[in-house]
Amino acid sequence: MRVAIAGAGLAGLSCAKYLAQAGHIPLVYEARDVLGGKVAAWKDEDGDWYETGLHIFFGAYPNMLQLFHELGIEDRLQWKSHSMIFNQPEEPGTYSRFDFPDLPAPLNGVAAILSNNDMLTWPEKVSFGLGLVPAMLRGQPYVEDCDQQSWTEWLRAHNIPERVNDEVFIAMSKALNFIGPNEISSTVLLTALNRFLQEKNGSKMAFLDGAPPERLCEPIVEYIRSCGGEVYLESPLREINLKPDGSVDSFTIGGKKGGELKNIKADAYVSALPVDLFKLLVPNEWKEMEIFKKLKGLIGVPVINIHLWFDRKLTDIDHLLFSRSPLLSVYADMSITCKEYEDPDKSMLELVFAPAKDWISRSDDDIIKATMGELEKLFPMHFLGENQAKLRKYKVVKTPRSVYKAVPGCQQLRPSQRTPISNFFLTGDYTMQRYLASMEGAVLSGKLCSVAIDKSKDSIFQNNSEVETSGAEL
Ligand SMILES: Cc1cc2nc3c(=O)[nH]c(=O)nc-3n(C[C@H](O)[C@H](O)[C@H](O)COP(=O)(O)OP(=O)(O)OC[C@H]3O[C@@H](n4cnc5c(N)ncnc54)[C@H](O)[C@@H]3O)c2cc1C
């Protein structure tokens, strides 16, 4: 089958890869001139990379790791020590660590939590541990049921002190969905904790060894092309054209920079667009269908990714750091953590600025000034007193609508990859799969979408030929 896919983020590329593997011909149309969507990156005038987001790969990403394995690029993942490292706001310039020993899960997680005495007291650890028991015993169905509560409500319902939020979970929920624990659905935190505690290497983290478009997306495109598929850049989907029976007749593609519009015909069609942009293209005839109506409740959350190049090394930590700053989420010194960005003498900090709703429309200068204020607290030895570190240059990348905001009640709004339209499918991190809005979720959704298309091939052919026959009779 020829399958037209709009969007070359990880979901669209994964869908195309697995369709190609199953013997189909995927044709991917990407609006921008760069692959990767939310993992897109660019080079500045000095040849330095800057990215849409600081991206971490986890041990609990089986589909992503399988994809690296299938592409023969596993050596591009730079695994770090099995730890989680938090800044300590009350003791500027110091860190608190959760180190996972080499024990089976969940013992390694329990040992990591019990051996950290900087952040939680013993009674807090015990009440939190007891609260997690139902999630660990009853698994995903319990976790899904908790989608009606925010994380703060869930903690209260389990008599877990508010301080646990302040110490650990403000940082975790900002890292997972760029919002705070009062807003985030408890399903998100419980899903992450379940994966981290139940899989020995679940919370182990890796950085890619370079920029995602080149180091991850390009090999997927090469695979797609080697199987006869194609990926076209600067080819936005403009309209989904329907047949009289409501199924898809063609995609109107193109028209960028005065280019021509083309009608692309295929056997099946896929949207791999972010949910906010897909909603704008849903044909009027589909708008009242439950699956598309529900998408109204899925809305991208703003986030800002900041790159700061300094004249010296600020840290020697080869890992992701949880800033625990009110304005910032996680950060890393990419000159240490990522091979291609390596610099032995100078730091390049990549920081996620979140929650960003009050900052997304502010100027880059304002955002950098606020970030530097936070860095004074994280690195007082470099930013206070004499001989301060100098900022050589910066880049700010704003994403006003990033992953969908995972507030309570969203789980039941997420669509399946199969839709009621016989030849139209959805993929994207927001579609239903067990890994929330993440790179793993995007790759898994693409795989599930390819399976749904492959399974539907007989009915797609039958439907297409019936419509053609009735068209001929008319
Ligand atoms: C700052 C930040 C940090 C993150 N950190 C992590 C992390 O550490 N770990 C993790 O697992 N996840 C992280 N994520 C989330 C992860 O990046 C996303 O979940 C994932 O990349 C989404 O992939 P997707 O294919 O579903 O969507 P997208 O990447 O949004 O892809 C959609 C594609 O569709 C294209 N498109 C849009 N309109 C059209 C059109 N009309 N026609 C054709 N194409 C179109 C877009 O250009 C894009 O390429 C982070 C995200 C951000 C923003």
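Student: What makes Lys395 count as lying over the face of Tyr50?

Tutor: The distance is part of it: Lys395 is at 4.9 Å from the ring centre of Tyr50, and the cut-off for a charge over a ring is within 6 Å. The charge also has to be within 35 degrees of the ring normal. Keep in mind that this is a predicted model.

Student: Which lysine lies over the face of Trp309?

Tutor: That's Lys393, at 4.7 Å from the ring centre.

Student: Let's do ring pairs. Why is the pair of Tyr29 and Tyr232 called stacked?

Tutor: Two checks. Their ring centres are 5.1 Å apart, and a pair needs centres within 6.5 Å. Their planes stand at 15°, and planes under 30 degrees apart count as stacked. So Tyr29 and Tyr232 are a stacked pair, and the structure holds 18 aromatic pairs.

Student: How do you know that this pair links distant parts of the chain?

Tutor: Look at where the two residues sit: Tyr29 is in strand S2 (residues 25-29) and Tyr232 in strand S10 (residues 230-232), 203 residues apart.

Student: Is Tyr29 buried or exposed?

Tutor: Buried means under 20% relative accessible area. Tyr29 has 7%, so Tyr29 counts as buried.

Student: Why do Phe86 and Phe322 count as buried?

Tutor: The cut-off is under 20%. Phe86 has 1% relative accessibility, so Phe86 is buried. Phe322 has a relative accessible area of 5%, so Phe322 is buried too.

Student: Which residues form one aromatic cluster?

Tutor: Phe128, Trp151, Trp154 and Phe169.

Student: Which strands are joined to S18 by bridges?

Tutor: Strand S15 (residues 303-310) is joined to S18 by six bridges, running antiparallel. The bridge partner of Trp309 in S18 is Met348. Strand S17 (residues 328-333) is antiparallel to S18 as well, with four bridges, and Tyr331 stands opposite Leu351.

Student: What makes strand S18 mostly covered?

Tutor: Six of its six residues, 348-353, are buried. Met348, Glu350 and Val352 point one way, while Leu349, Leu351 and Phe353 point the other way.

Student: Why is Lys339 called exposed?

Tutor: Exposed means over 50%. Lys339 has a relative accessible area of 56%, so Lys339 is exposed. Its place is in the loop between helix H11 (334-337) and S18. Beyond its neighbours within four places in sequence, Lys339 is in contact with Gln78 and Asp209.

Student: Which residues touch the most other members of the largest nonpolar core?

Tutor: Phe251 and Phe424, in a core of 129 residues. A second, separate core has 27 residues, among them Leu328, Tyr331, Ile368 and Val396. In soluble globular proteins, nonpolar side chains tend to be buried together.

Student: Last one! Why is the chain called as compact as a globular protein of its length?

Tutor: The chain has 15 helices and 20 strands. Its radius of gyration is 23 Å, close to the 23 Å that the globule rule gives for 474 residues, so the chain is as compact as a globular protein of that length. Of those 474 residues, 58% count as buried.

How values were computed. Residues numbered from 1 in each chain as written. Predicted model: local features only at pLDDT ≥ 70, side-chain atom pairs only at ≥ 80, totals over all residues. Heavy atoms only, no water. Core = buried A, V, L, I, M, F, W, Y, C linked by side-chain atoms within 4.5 Å. Buried < 20%, exposed > 50% of the residue type's maximum accessible area, 1.4 Å probe, protein only. Phe/Tyr/Trp six-rings, centres within 6.5 Å; stacked < 30°, edge-to-face > 60°. Pairing = 2+ DSSP bridges. Contact = heavy atoms within 4.5 Å. Rg over C-alpha atoms; globule rule 2.2 N^0.38 Å.
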